[in-house]
Amino acid sequence: MNNKGFTLVEMLVSFAIVSVISLIMMNVLFTVKERSEKSSALTELTVMQSNISKTIKNDLDDYTLISVVNCGTRCYDFTYSTIGTKRLSVNTTTNVIMYGSYSKTLPTGSNANSLVITSVTTAGMPVGNNSIMKIVIGISNTYNDMLYNVELFYQYRNTNITVTL
């Protein structure tokens, strides 16, 4: 007998093998895509964290700060002698962080939680800077349950700057 072609069993076995391999490949593809999206969001969050820190730090270093005043929930006005007032605010509903004209929406999976400014004055320092202001913008991420807080420290002389927290 001259058989040319495949039997039904051979076709079914081949189809089953190809199906199993296809399912495994699809699972790998979806896993790689998910990890790539998470990695991209975390990278974007780290870059945003660096940019907001640099923007605020540059203003604090380059201009003379006159006052810091609480303007509401998660909102502070920084008044400088030459460039005027810049508002730092965190909107926990829309996950937007704003400082002056800089505005950034946090990437997917990230949440803006808080904005806290504290100031500590050290008594007994007759000259130089005697106070430290700490600025903390609380940011969490659901992908890895880590905190990506923006933390800045600014040392100043408390007789030159009015801080109303």
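These legends describe close-up views of a predicted model. Residues are numbered from 1 along each chain as its sequence is written, and side-chain values use heavy atoms, with hydrogens and water left out. Because the model is predicted, local features need pLDDT of at least 70 and side-chain atom pairs count only at pLDDT 80 or more, while totals for chains, interfaces and linings use all residues.

**View 1. The disulfide of Cys71 and Cys75.**
The sulfur atoms of Cys71 and Cys75 are 1.9 Å apart and form a disulfide (a pair of cysteine sulfur atoms within 2.5 Å). The count by this rule is 1 disulfide. The torsion about the S-S bond is about -85 degrees, so the disulfide of Cys71 and Cys75 is left-handed. Cys71 is partly exposed at a relative accessible area of 28%, whereas Cys75 is buried at 8%. Here buried means under 20% relative accessible area, exposed over 50% and partly exposed in between, with a 1.4 Å probe and protein chains only.

**View 2**
Strand β1 (residues 65-72) and strand β2 (residues 75-80) run antiparallel and are joined by 6 bridges. Strands (E, at least two residues) and helices (H or I, at least four) are DSSP runs numbered from the N terminus, and two strands pair if DSSP finds at least two bridges between them. Gly72 has Cys75 in β2 as its bridge partner. The hairpin has 2 residues between the strands. Arg74 is located in the loop between β1 and β2 and has a positive phi of about 55 degrees although it is not a glycine. Most residues other than glycine have a negative phi. Arg74 is partly exposed, with a relative accessible area of 29%. β1 also pairs with strand β10 (residues 162-164), in the parallel sense over 3 bridges; Ser67 has Thr162 in β10 as its bridge partner.

**View 2. Strand β7 and its partners.**
Of the 11 residues of strand β7 (residues 131-141), 9 are buried. Strand β6 (residues 110-121) runs antiparallel to β7, with 11 bridges joining them, and Ser114 has Gly138 in β7 as its bridge partner. Strand β9 (residues 150-156) pairs with β7 in the antiparallel sense over 7 bridges; Ile132 stands opposite Gln155 in β9. Strand β8 (residues 146-147) pairs with β7 in the antiparallel sense over 2 bridges, and Ser140 stands opposite Leu147 in β8. The hairpin of β7 and β8 has 4 residues between the strands, and Asp145 takes a positive phi near 50 degrees.

The whole structure holds 5 salt bridges (a side-chain nitrogen of Lys or Arg within 4 Å of a carboxyl oxygen of Asp or Glu). Among them, Lys38 and Glu34 meet at 3.3 Å, N to O. Both residues of the Lys38 and Glu34 pair lie in helix α1, 4 residues apart, about one turn of the helix. Lys38 is partly exposed at 28% relative accessible area, and Glu34 is partly exposed at 44%. Lys57 and Asp61 meet in a salt bridge at 2.8 Å, N to O, and they too lie in α1, 4 residues apart. In the salt bridge of Arg87 with Asp77, the closest N and O atoms are 2.7 Å apart. This pair links distant parts of the chain, with Arg87 in strand β3 and Asp77 in strand β2, 10 residues apart. Arg87 is partly exposed, with a relative accessible area of 42%, whereas Asp77 is buried at 16%.

**View 3. Asn95 in the loop between β3 and β4.**
Asn95 lies in the loop between β3 (84-91) and β4 (96-99). Asn95 is not a glycine, yet has a positive phi of about 60 degrees. Its relative accessible area of 14% makes Asn95 buried.

**View 4. Surroundings of Tyr102.**
Tyr102 is found in strand β5 (residues 102-105). Not counting residues up to four places away in sequence, Tyr102 touches Met48, Asn51, Ile52, Thr55 and Ile97 (contact means heavy atoms within 4.5 Å). The C-alpha atoms of Tyr102 and Leu88 are separated by 9.4 Å, the two residues being 14 residues apart along the chain.
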